[in-house]
Amino acid sequence: MGYMDLDSINKIKLTIENQISNISSIKDLEELRISSFGKKGSFTSLMKGLKEVREDKRKEFGALLNKTKKELEYFLNEKREKLKKEKILKELKKEWIDVTLPIYEETKTNSVGSLHPESLVREELEKIFLRLGFSVVDGPEVESEYYNFEALNVPSSHPARDMQDTFFTNLGSVLRTHTSSIQVRALEKLDPPLRIVAPGRCYRCERLDASHEHTFYQMEGMMVDKVVSVSHLVYFLKTLLREIFGYEVKIRLRPGYFPFVEPGFEIDTWFNGKWLEMLGCGLVHPKVLEYGGIDSGKWQGFAFGIGLSRLTMLRYQIDDIRHLQGGNLKFLKQFS
Ligand code: PHE
């Protein structure tokens, strides 16, 4: 480059700036750097022309060329950083993998959940009994043999204690086989007179079919007072059934054997022309009261254990108990 003036410096600056702006790869940018500022680069040769400039102007041009070079290099470096960032982001996007499971179609279209039918029935029962002066209590699902059997007067030879019926843990606990395990826990904690219900999940080593599940729900009920008779028991149970089903449900009492009640009964209900076994109940055995630290000479009680799962099935006309634990959203959504 021979002749040099301010205009030619400005022009070459604008040209290089434009080129930098339009570049979209690091490789192209590097090529531009060499073709502009390399040994034979356009800007380099412009600087080489400086020695041909008149002496009195040389200083001024030199300063301008240096300043321009610095500005262009700064611009170029900025562009390089930007391109690098873009490249990394692109790679990250390409390498991104989705580790989440696809969700059910049903969930996508209806994001509003609903309570499980057993929860609906449990809540209804709780409300009924709260109105009748009962309180709702709880107990552990992994239970000691003591509360599940011993304190309920169940002898160690009783078939319910058999490995075939009960899930035992390695550490000698059991998965509670009924909510009756809460009876003595409640007696220990509360002073009579007392009225409690205790809903909860229970486990039995059952072979699965339409009416047997290894996991199911019960609700225990217990009342302890100075005078408690079978007619109290019948009154509360009839009230419960009337409220749940909306009409006077016909019931029948049969003698039933449970070591923790005396006398003991099974109560059947009349549904669709058949007697259905609904619950076990009776007057609390004096030994159980004593286990709970309550003087059986002064206090009496009744207890019942109602099959919450069974009740739910009757209430919503569910024909197979396996639906309850099945987790099928199509089934569950019907109760929203
Ligand atoms: N626990 C008994 C069962 O699971 C039911 C029951 C409860 C019986 C309370 C009598 C009193 O079958």
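Helix α8 (residues 181–189) lies across β4 (194–203), β5 and β9, and runs at about 40 degrees to β5. Helices (H or I, at least four residues) and strands (E, at least two) are DSSP runs, numbered from the N terminus. Angles run from 0 to 180 degrees between N-to-C directions, with axes fitted to C-alpha atoms, for helices over the stretch in contact; contact means heavy atoms within 4.5 Å. Helix α11 (residues 308–316) also packs on the sheet, where it touches β5, β7, β8 and β9.

The model is predicted: local features need pLDDT of at least 70, side-chain atom pairs count only at pLDDT 80 or more, and totals for chains, interfaces and linings use all residues. Residues are numbered from 1 along each chain as its sequence is written, and side-chain values use heavy atoms, without hydrogens and water.

The sheet itself is open, with seven strands in the order β1-β4-β5-β9-β8-β7-β6 and mixed pairing. Two strands pair if DSSP finds at least two bridges between them. At the edges stand β1 (135–136) and β6 (251–255), each pairing on one side only. β6 joins β7 (residues 261–271) in the antiparallel sense over five bridges.

A polar side-chain atom of Q218 lies 2.9 Å from an oxygen atom of the ligand.

Notes. Polar contact = N/O pair within 3.5 Å; in protein donor to acceptor, adjacent residues only side chain to side chain.
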